[in-house]
Amino acid sequence: MSVAEANEGTGALQNASTLKSEKRRESLTFLGLSIPAVFAILIVVFLPVIWLSSLSFYNAAGELSMENYARIFESALYRRTFVVTFQISIAVTVICVLLGYPLCYWLTKLPNKTAAILMVFVLVPFWTSVLVRTYAWLVLLQRNGVINSSLMSMGIIDEPLQLAHNLTGSIIGMTHIMLPFLVLPLYATMRSIDTDMVRAAVSLGSSPRGAFWRVFFPMSLPGLFAGIVLVFILSLGFFVTPALLGGGRVQMLAQRIESTITVYSNWGAASALGVVLLLLALLMIWLMNRVFGLDKLFMR
Amino acid sequence: MSSATQSLPIDVSNLCKAYGAIKALDNVSLNIAAGEFLTLLGPSGSGKTTLLMALAGFVRPDGGSIRFGDREMIATPPHKRGLGMVFQSYALFPFLTVAENVAYPLKVRGVSKSDQKTRAERALDTVQLGGYGDRRITQLSGGQRQRVALARAMVFEPQIILMDEPLSALDKKLREHMQIELKALHQKLDATVVYVTHDQREALTMSDRIAVVNHGRIEQIETPERLYRQPHSFFVADFVGESVSLPVEVANDTAQLNGRVLKSILPIAQGSGGHRLVIRPELLEVTQGAVPETANDLSGHVHDVIYQGDSVLVIVQHDSAGEINVRVPANRAGQTGLPSKGERIGLALHPEDTIIVPEHAS
């Protein structure tokens, strides 16, 4: 081996180690960048959740026990709360799908510009405070509200419909608030479907309806599932709208947790409910993932 | 494939389609013979895709007639036209396997499950993808996806197959390979093929006839060789193949370049906007010494010599008319006696290669 070749050999080795340490330094930099966020989540989310969850394993006397959990399954009141929570969440999800899917489909058929303008009508409410929107619905739906008074003045009804302070009101209000969570992922997915796909199906002999069900619909499913998961899980823990539009007659899980603390100061029981809600949400995500495969969302 | 089906001729007449003020199809008439491989060639925005989409039924024309055989199709919805179609993006269904994709048109037509399977397998064999049936689309390379799209378009033995730039997403080598394969496949299938491309070389390679489309009109429709050697307009001459053009004066069927009569045995097409002499770089002959009396003399000085692998491009400064490109094979015969930069070079343009075209076709 000549001297020049030997030099070249060590030169390549030297560079290799330099490049390696350079790479290590780079990944450390990225790790460093994430440290503030990791700490923030640890301190603001994980530690409180763990601390609050731990409360559920102590009874009123401050002894370790499963009393709080036992009561959730024994008490008819709590069972009722779970049933109502699921009923409302399912109803809201179903209505959101029935309203949102045709809306998204129609938007994808429009020219980009028109669709963008119409999307603003979906997004502006989305950016408005939940509290403001809920009070707005109260104004519209209450006994002598806009809807009842106009229906009565038109002579369509004789006495006001009971639209607020009950289940109907809660579902109407929640549907309105949840709809964007379904529309946004669904619309994005539908937009990304190549129009040639449907054309291909039609050219191969599918009727327009057949092409929709056999090609467009299956291709829109990842977005639909994402929307359903979002709406359902957000609904499970929803508080403001059912509290205001339900008028005390509708008790969802989040309201039960709140009243357990503010009225009965029973942190243990409230914490147990919270833990069950958290587990339910995680269970839903796991189930949805098992059945539909959330990873499909990222499949192109 | 079985020969149970018979390919159909396509008759397009007076087809019009306007998008606002832009005429995408300007009174297009076109006859395509049964079993022919016809290419619609043109730049983007020329209307070639609109014409194909009108044949497929995805674009509704403003007027005119489209006939497949003796059946008027202008108002028939696309799913009832019975066409096989290959899209630029392939448009394979990602949620189905390769075999399910190919069987799709059979499933829609209510073919039995076992028949679907055998026919899909046979179609996949035809495109040399036998045994790939159970794969996912995402597991295939670009060239393989292209073959699946082809298999899907022909599995139901359509009498007409439309292809919209099906090879444009492939790299050059694979594209050239697929061109030959597609041409061979067409000879095996009994189907009329209408093929859209903006690649003139692809069109020349594959087609029985080429229709050059420009501004929503068909400029010329001709076999590849005649189209290349006898273009009817400057647009066609310029779009198909390499060329340099020089303005010429035409009077009484005789063209003059700078006052010298051009010898040509090719007819001079009618048109407007003056005439041009079209010089294909490979048709010029480098002469040793004087240019023979029978040929047109385009001699000049060598301006540059560019080595391009398979050939050498010599840029010549003509004595009066400007720059002319000459292509010489990069073998020894082509290279012998090639003058170097600044030297004088003898260039002969033979009468059978002397193409004179009008600026605009009439």
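Chain B contains 9 helices and 21 strands, where helices (H or I, at least four residues) and strands (E, at least two) are DSSP runs numbered from the N terminus. The model is predicted, so local features need pLDDT of at least 70 and side-chain atom pairs count only at pLDDT 80 or more, while totals for chains, interfaces and linings use all residues. Residues are numbered from 1 along each chain as its sequence is written, and chains are lettered from A and ligands numbered from 1 in the order in which they are written.

Chain B splits into domain 1 (10-228) and domain 2 (244-361), with bounds taken from an automatic or database domain assignment. The C-alpha centres of these two domains of chain B are 38 Å apart, and the C-alpha atoms of the chain fill a box of roughly 75 × 45 × 35 Å along the principal axes. Of its 362 residues, 43% are buried (20 or more other C-beta atoms within 10 Å of the residue's own; exposed means 12 or fewer, partly exposed in between, with C-beta atoms placed from the backbone).

Turning to the interface, 16 residues of chain B are in contact with 15 residues of chain A, contact meaning C-beta atoms, placed from the backbone, within 7 Å. On the chain B side, strand S6 (83-86) and helix H2 (98-108) each give two or more residues, and H2(B) provides the largest share, 3 residues.

In chain A, A:Ser259 sits in helix H11 (residues 253-262). A:Ser259 counts as partly exposed because it has 15 C-beta neighbours inside 10 Å.

Methods: Two residues are in contact if their C-beta atoms, placed from the backbone, lie within 7 Å.
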